[in-house]
Amino acid sequence: MSRSRAGNYIRVGRRDRRCGSRLPRLAGVLIAVILMAGFFPTSAAQAATTAQRFAYVSDLNADSVSVIDTADETVVATVPVGDRPNGIAALPDGSRVYAINFDSDDVSVISTATNTVIRTVDVGTRPADATVTPDGRFLYVADSGSDTVTVIDTATDAVVDTLAAGDGPAEVAFTPDGRYAYVTDFLAGPAGTVSVIDTAARTTLATIPVGAHPSGITITPDGRYAYSTNFGTTTVSVISTSSNTVVDTVTVGSAPADAVAGPDGSRVYVADMFSNAVSVISTSSNTVVDTIPISGPTPVGSGPNGLAITPDGSRVYVANTFADTTSVISTAAGTVADTVDVGGRPTDVDIAGTATGGPSAPSSAPAAQESGGVVSRENENFTGIVAATQDAGIRQAVRDIRAFVQQVTKRHLDHPAPARPPKIRHPRLAARTPS
């Protein structure tokens with residue numbers, strides 16, 4: 001099946017999975033593009049361990065989700081969802097996928113059997129991303145605009161609780177036993193924080209200072225460490241889950257948006273949005289052992305954002321927000337093995353499996369028409385936040401984010417994406433000795 005591409009390359013829009021505007025996703029993609037322009041850096045959720053797998057990509061500016069068959073890396077369906085989907089989360093059994101709609105303040109529930117939306121769930125304001133608990137019972141949605149986490153019972157898809165969170169919650173990651181949820185607080189001041197929630201009591205146990213504008217977060221399979229990507233810096237904070245303190249800081253590329261840990265726990269992959277690369281961290285030494293370039297249109301580049309990894313750890317899927325593509329990284333070779341055209345401004349990706357075969361009856365959504373620039377409601381939100389708060393630091397941070405969004409938007413308008421050359425279907429991958 002031919003690859004599909006939806007949306008125009010004009011407007012600027014990473015969990016243990018996947019920026020969307022987050023203050024008002026202010027807390028998606030860039031310090032502010034992530035937030036208000038429409039794409040919070042998002043993170044990668046748990047993948048299903050079943051027979052046939054599909055990668056689901058949130059297309060922020062196309063109001064759709066692209067479905068990629070991981071067997072041959074082709075788009076097999078495009079599912080219309082809510083307004084500006086910024087995050088994606090799949091159930092462990094692969095039966096349903098949740099699209100987190102930043103602008104319509106709701107979640108679209110997708111049946112993977114038919115690739116259609118079977119219901120819509122209202123959540124908090126400006127939901128940026130979501131993650132399913134390890135047992136699959138609940139979905140935790142980070143509501144960046146209302147500073148809450150909405151808890152959805154996945155058996156009924158009904159909201160069962162709303163928890164107070166930090167400023168501009170952006171991403172959620174769970175310890176393997178599901179006892180604790182770690183939430184990045186994207187707007188919690190220049191230092192930035194990660195909130196720790198006791199999932200049984202559903203109360204906040206700790207608040208951990210990290211780097212500026214933390215966005216993505218992932219936890220190692222043994223549950224010992226959480227890695228928080230500090231989008232406003234070039235660092236990743238390593239948190240000990242036993243002490244809830246930062247025990248190390250790793251320097252990566254510019255604007256780290258998301259992170260995902262490999263299944264064996266030896267590597268953590270980080271999407272460096274402004275460096276157009278994925279950094280590979282060795283968890284034994286907490287050093288970068290490889291940097292994988294992600295090509296994209298120049299001078300803007302690819303803008304790698306949300307990440308997901310296959311259960312066997314052989315491939316990492318990267319949602320490239322600036323290039324309207326998803327890259328497939330071979331972890332053995334440390335190179336991009338494939339590139340798939342998806343919808344406009346992809347922000348996040350997750351992997352779902354089906355035991356009985358692929359989805360049926362692919363649906364298609366019309367390409368979204370873009371007006372260019374940041375939408376007016378986002379500018380109004382910035383203005384309202386500045387006027388409402390008495391905190392001088394927050395007021396200045398909002399102004400800085402607004403200016404940043406405008407700057408990045410102008411870059412995209414001045415440099416539209418050029419046509420990409422035909423993809424090599426079976427590239428020769430050089431063997432690489434593991435570090």
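Visitor: What sits over the ring of Phe138?
Guide: The charged end of Arg202, 5.0 Å from the ring's centre. Keep in mind that this is a predicted model.

Visitor: OK, other rings. How many aromatic pairs does the structure hold?
Guide: There are 3 aromatic pairs. One of them joins Tyr140 and Phe174 edge-to-face, with 5.0 Å centre to centre and 85° between the planes.

Visitor: Where in the chain are Tyr140 and Phe174?
Guide: In distant parts: Tyr140 belongs to strand E9 and Phe174 to strand E12, 34 residues apart.

Visitor: Why does Phe174 count as buried?
Guide: Because its relative accessibility is 6%, and buried means under 20%. Tyr140 is buried too, at 1%.

Visitor: And which pair is tilted?
Guide: Phe186 with Phe231, at 6.2 Å centre to centre and 40° between the planes. Each of these residues lies in a loop: Phe186 between strands E13 and E14, Phe231 between strands E17 and E18. The two are 45 residues apart.

Visitor: Are Phe186 and Phe231 buried or exposed?
Guide: Both are buried. Ring pairs also link them with Phe274 into a cluster.

Visitor: New topic. How many residues has the largest nonpolar core?
Guide: It has 14, and those with the most contacts inside it include Tyr56, Val97 and Ile110. Strands E1, E2, E3, E4 and E5 each supply at least two residues of this core. The largest share, 3 residues, comes from E3.

Visitor: What is Val97 in contact with, leaving aside neighbours within four places in sequence?
Guide: Among others, Tyr56, Ile88, Ile110 and Ala352.

Key
Residues are numbered from 1 along each chain as its sequence is written. This is a predicted model: local features need pLDDT of at least 70, side-chain atom pairs count only at pLDDT 80 or more; totals for chains, interfaces and linings use all residues. Side-chain values use heavy atoms; hydrogens and water are left out. A nonpolar core is a set of buried Ala, Val, Leu, Ile, Met, Phe, Trp, Tyr and Cys residues joined through side-chain atoms within 4.5 Å. Buried means under 20% relative accessible area, exposed over 50%, partly exposed in between (1.4 Å probe, protein chains only). Helices (H or I, at least four residues) and strands (E, at least two) are DSSP runs, numbered from the N terminus. Contact means heavy atoms within 4.5 Å. Rings of Phe, Tyr and Trp (its six-membered ring) pair if their centres lie within 6.5 Å; planes under 30 degrees apart count as stacked, over 60 as edge-to-face and the rest as tilted. A charge sits over a ring if NZ of Lys or CZ of Arg is within 6 Å of the ring centre and within 35 degrees of the ring normal.
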